Amino acid sequence: MGKKGQAVKHIIVIGAGQAGASCVARLRAKGFDGKITLIGEEPVPPYQRPPLSKAYLLGEMERERLYLRPPEFYDDQNITLQLGRPVKGIDTDAQTVSVGSDILNYDDLVLTTGSTPRHLPTSIGGDLRGVMVVRGLADVDAMAPYFAEGAKVLIVGGGYIGLEAAAVASKLGLNVTLVEMADRILQRVAAPATSDYFRVLHRSKGVNIRESVGLDHLTGADGTVTSAVLSDGSLLDVDFVLVGVGIVPNTKLAEKAGIVLENGIKTDAFGRTSDPHVWAAGDCASFPWKGQQLRLESVGNAIDQAECVADNILGADTAYAAKPWFWSDQFDVKLQIAGLNTGYDNVITRETGEGAQSNWYYAGDTLLAIDAMNDPRAYMVGKRLIESGKSPAPTAVGNPDTDLKALLKA
Ligand code: FAD
């Protein structure tokens, strides 16, 4: 409901990405017939980001296929799409947002502003030409000319995006070095068994993975990066550098408007922020989960949370029940993840041949999460078990002769 108990008239969504597009589509699908405005600072219609470090970077996907909906969808649904328009401010008392010289009134406002990649500090050469991040379509279009066969690329950070970019670069015949400051790649997100699997994969394809080694600084000539000095003192000639060292949620607008932050824009279980007419979803938003404010950085979360917010604006009163899932493509391996492994104390590895492996995370007897590499069956079963709160015995899971589907019936 909007101001003074009237029916909602105008819903504004700030951030025309995955969550924003899902929210507006859901509002219409659920029968909302008021005004909807979706405002984005990028000059392109809402698009999917995952292919930016996979098929699109590899040159195997047309730009139009990135779009979440055909551009005419928004007109057809009577959704006003304002692109290339960064929102500058929100006045929660007046219930307005300012964009360009316009002041727009809202009854409900949804913040789906996403996140920004961490950049290297200028003091270590982060502003040199040829030092890039992989976040948006513009970033990837700008880096395409650098992906020439034989070029030397340094990738800083061994998380999913860094590893995916390394796989693409290697496939295209570049000379790839990846440095990870921690003692193993994927340390923040996965068990040693998963790190081991991907280290072996990358090395087998010629990627020079260097763990426990960070970047000390970059040097350049005429403002363009030419070499990197690593934390172990070694010197590397480079043609360009890709930085994949994590993201920070885009919270500035919310903060300026006096909305409470905690690990992102803080929402309650229904997606509502500290202001009753302002909601948030996607990478920028945190929600209550096991006594903390959790923030997830994934497509699945952006869609589900945004749809939940849309439903709640329309009065559903449904708490968000996160069902985390994620994927990554590297070389010919598809990694699929279900659940959240936070707090695991035991990992069971199941190997069923030809590179198919799954790692099952337990806390005591409770199954928390699964990483499945080229094993869609293990992923599918693991996901269903986790979502239905079932925990098969670790010994059964680890035995390659166990019929996984039978575990669902137990
Ligand atoms: P976004 O999609 O980032 O959209 C936010 C939008 O808000 C942006 O367009 C931004 O410009 C806009 N915005 C911000 N501030 C303003 C403002 N003031 N005014 C107007 N507009 C504003 N997830 C997976 O699940 N699987 C994967 O394999 C995977 N791979 C990925 C690969 C890459 C290279 C990247 C970058 C991400 C990947 N992700 C993956 C993560 C996933 O894409 C994000 O979690 C998802 O896009 C989050 O959706 P969102 O709507 O919250 O944010």
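This is a predicted model: local features need pLDDT of at least 70, side-chain atom pairs count only at pLDDT 80 or more; totals for chains, interfaces and linings use all residues.
View 1. C23 takes part in no disulfide, and the nearest cysteine sulfur, that of C308, lies 10 Å away. C23 is buried, its relative accessible area being 0%; buried means under 20% relative accessible area, exposed over 50% and partly exposed in between, with a 1.4 Å probe and protein chains only.

View 2. C284 is buried, with a relative accessible area of 0%.

**View 3. The second largest pocket.** The volume of this pocket is about 220 Å³. A pocket is an open set of points on a 1 Å grid over the protein atoms alone, where a 1.4 Å probe fits, with protein on both sides within 12 Å along at least five of seven lines; lining residues have an atom within 4 Å of a point. The pocket is lined by 15 residues, of which A322, P324, G339, L340 and I386 are the closest to its centre.

**View 4. Elements and residue classes in the lining of the second largest pocket.** Two or more lining residues come from each of β23 (333–339), β26 (366–373) and α9 (376–387). The most come from α9, with three residues. Helices (H or I, at least four residues) and strands (E, at least two) are DSSP runs, numbered from the N terminus. By class, nine lining residues are nonpolar, two polar and four charged.

**Notes.** Residues are numbered from 1 along each chain as its sequence is written, and side-chain values use heavy atoms, without hydrogens and water. Local features need pLDDT of at least 70 and side-chain atom pairs count only at pLDDT 80 or more, whereas totals for chains, interfaces and linings use all residues.

How values were computed:
A disulfide is a pair of cysteine sulfur atoms within 2.5 Å. Grid points are joined across faces, edges and corners, and a volume is the space filled by probe spheres set on the points. Ala, Val, Leu, Ile, Met, Phe, Trp, Tyr, Cys and Pro count as nonpolar, Asp, Glu, Lys and Arg as charged, and the others, Gly among them, as polar.
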